[in-house]
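Please look over the two chains below before reading the points. The notes take the contact between the chains, then a sheet.

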Amino acid sequence: MKKKIKILIVDDEYAFCRSLKIFLEKIGFQTIVTTNGEHALDILKEENPAIMTLDIRMPGLNGYDILQKVKRTHPDLFIIVITAIDVPKMEEMLEHSGAHALLHKPIDLQKLSDTLYGFVGHLL
Amino acid sequence: MGRKILVVDNHPMVLKLIANLLEKGGHEVRTAEDGLSALDILKSYVPEIIFVDLVMPNISGEKLCRIIRSMPELQGVYLVILSAIAAEEELDFTALGADACIAKGSMNNLARHVAEVLELAGPAGRRKKSRNILGLDEVATREITRELLSSRKHFEIILRNMSEGIFEFAENRKIIFANPAAVALVGISEEKLLGSDFIDIFVDDSLETVTALLGIPLDSPKKISEKAPILLNGRLVSLQFLPVSDETSASTIVIIHDVTNRKQAEEKISDQNKFLSKLIESLPHPFFVVRPKCYRVLLANSSAMRHIEGLAGCPQHIGGPDSCKAPPPFTPFERVQQDKDSFLMEYVEQARDGKEVTHEIHAHPIFDKEGRVAQIIEYRLDITERKKAEQALQDSKDALQEALDNLQVAQQVAIRQEKLASIGTLASGVAHEILNPLNIIGTLAQVMQLEKIPASMRENLDEMLIQIKRATKITNNLRAFSHQHDFEISMVDVHALFDKTAALLEYDMNLDNVRVERHYAPDLPRIEADEDQLAQVFLNMMSNARDAMQSGDKRIIIETRPKDDGIEIRFADTGIGIDSTEIDKIFDPFFTTKDPGRGTGLGLWIVYSIIERHCGTIRAESKKGKGAQFVIFLPTHQPDQENCNPAEEKQNRTHGDRG
């Protein structure tokens, strides 16, 4: 059996993390969940996931901070920002910070899976 | 016993005859050939009887009689008149104070009548007055004498009644005639005047003047003119000296004019003129008087000469020669002549130093008795400073008004922005907090849909997701304001932006059978705007239009054109239109006519807010059932954000034509 692609889910809302985890595993990904920014950095080091879904507004280390930090350390990491924040030019700003895709909350799971498969196809 | 007798007669034969006659009778006789000599004698000699010839040169018999009767020391004298003209002139000798009168006839008769008179004159206390003229019946009337007497009478009347004082004095300057006017003028009785020295009627300076004039022999008329009159008894008089001479004697007639009143009047006028000249001269403003029609200057004060080009050398005093012509403008003169009324105008001219000076020109007519304009007065007030002050005042008033307007606008903007900001901040925070739970619910619902579940539950989950989308939409609309501080201006091609926006809705529009017609102006300029926000406007406008069209002809017509310093965009639809009672409220937040669940009530409010943010205007024009039209104006250039035009601000609030 082929090794599953590892996705790190970063969001301070545990309920969301859990439902996303169910969905992603259902569509064939392996997931790691954290609700803490600092913890996310540790997991990235230890687990080296291929994909990360990232919330922006979080207590402690927030999404932007994480983007800034991982841009150099994990240049190959595919990052999908999933946020309730919507400000103009946000997409450009996030792209500039190293994010690859932006999805707004409430999330459309179909869109998420399209984005993921798009990337996975690129990996293969 | 002999008596003291004086005989006065200018006829030497008569004088001699009577003197001889009387001396033979043993009387003491003195003789005089005229009144003046007689008066001289009477100063030292008091006779008992005096014979006086009526017609004599110098002082006449009549006058002499009066003088004698006025002398107290001669009260008792017996006065006899000798008249050569008794036949020609009726004489009331008693009125002259005479006791008897003898008509001069032949020498024999005369001697007889003298003797009779001496009888009548008797010793003092027994004297009798003669009742009639002795010898009157012995003389015949001579026509020539009558005529001469008549003409003399005329002259006497004239002399008596003329207003000029007439004196006559003899070679030795003794007065021999003074008419009533002369007597009145001098204030000395005729009796005293006659025989006195003419120059004695003068005193002080006048005395010197007259003495000097009469010091040289008078062979031609002389005059003390009214220009330099002398004082006589407190009056100002001019004098004319006319020498009169015949073979036997020479005398001088003096005509005296009392010029006091005239002189006083002249002096008064002169004083008044001086006063007026002084008054006019003291005016700091240019002042001058011109003659109508020719505009010759009659008078100009020194201010006028200094300040008005062409007035230098004009007459400065009343009555001076009017040599120069008045300076322009002539309008005030023309208007005063035409209107016969005062005229006022402002006049700007270059002063000699090149600076611009504003004068207020006042022109006033002076009328003659017939009511014609005889002179025109003009004076000028330099109002340059006042004008400047007024302008400065107006400027500062304008500036103040502008500042006030700006303040009001700023206040309105501040209030609105504060409102928007607080709504925005709230919306932003609330949105985030709402979206997160919605996200969780939504995700869970979608995950549940992946499970094998009954169809009814699947439908419920679908409905849940629809409601989540609805809540999301409202939340996102509200949140639109939290981004307004991120106002990013770029040059926007409105047509391209609209096309791009319309493309997003193309699917929905086709689904609803809505046609979008574009009437683009080919020369529409790019405008400074926030592209995302403008796209939001177009989206909202189109969604709104689509929702207003439920059936029938469904068209959205967009029309653009350049207007003033910006562009005008018209959005029209063929929908249900807006009720006139609601047209005022359509831009209010949370106002909606849509069914619950279809509209948020924020669409047009967002449009309004974004356009306002761009210093633009929007108004709605509609009639219920006849579609709606929105007219948007957007300026080409964005001013400072807190500085929109207040007029547009006001227009903005007038939402539309209520038809």
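**Notes on the predicted model**

1. The contact takes in 21 residues of chain A and 20 residues of chain B, where contact means heavy atoms within 4.5 Å. This is a predicted model: local features need pLDDT of at least 70, side-chain atom pairs count only at pLDDT 80 or more, and totals for chains, interfaces and linings use all residues. Residues are numbered from 1 along each chain as its sequence is written, chains are lettered from A in the order in which they are written, and side-chain values use heavy atoms, with hydrogens and water left out.

2. Between them, chain A and chain B bury about 1,900 Å², of which 60% is on carbon and sulfur atoms. Buried area is the accessible area (1.4 Å probe) that two parts lose on being put together, summed over both.

3. The two chains share 1 salt bridge, that is, a side-chain nitrogen of Lys or Arg within 4 Å of a carboxyl oxygen of Asp or Glu. Lys26(A) and Glu451(B) form this link, at 2.1 Å from N to O. On the chain A side, α1 (14-26) and α5 (109-123) each supply at least two of the residues that touch chain B; helices are DSSP runs (H or I, at least four residues) and strands likewise (E, at least two), numbered from the N terminus. The most comes from α1(A), with 7 residues.

4. Chain B has an open sheet of 5 strands with parallel pairing, in the order β2-β1-β3-β4-β5; strands pair if DSSP finds at least two bridges between them. Because β2 (28-32) and β5 (100-103) of chain B each have a single partner strand, one side of each is left without a neighbour in the sheet.
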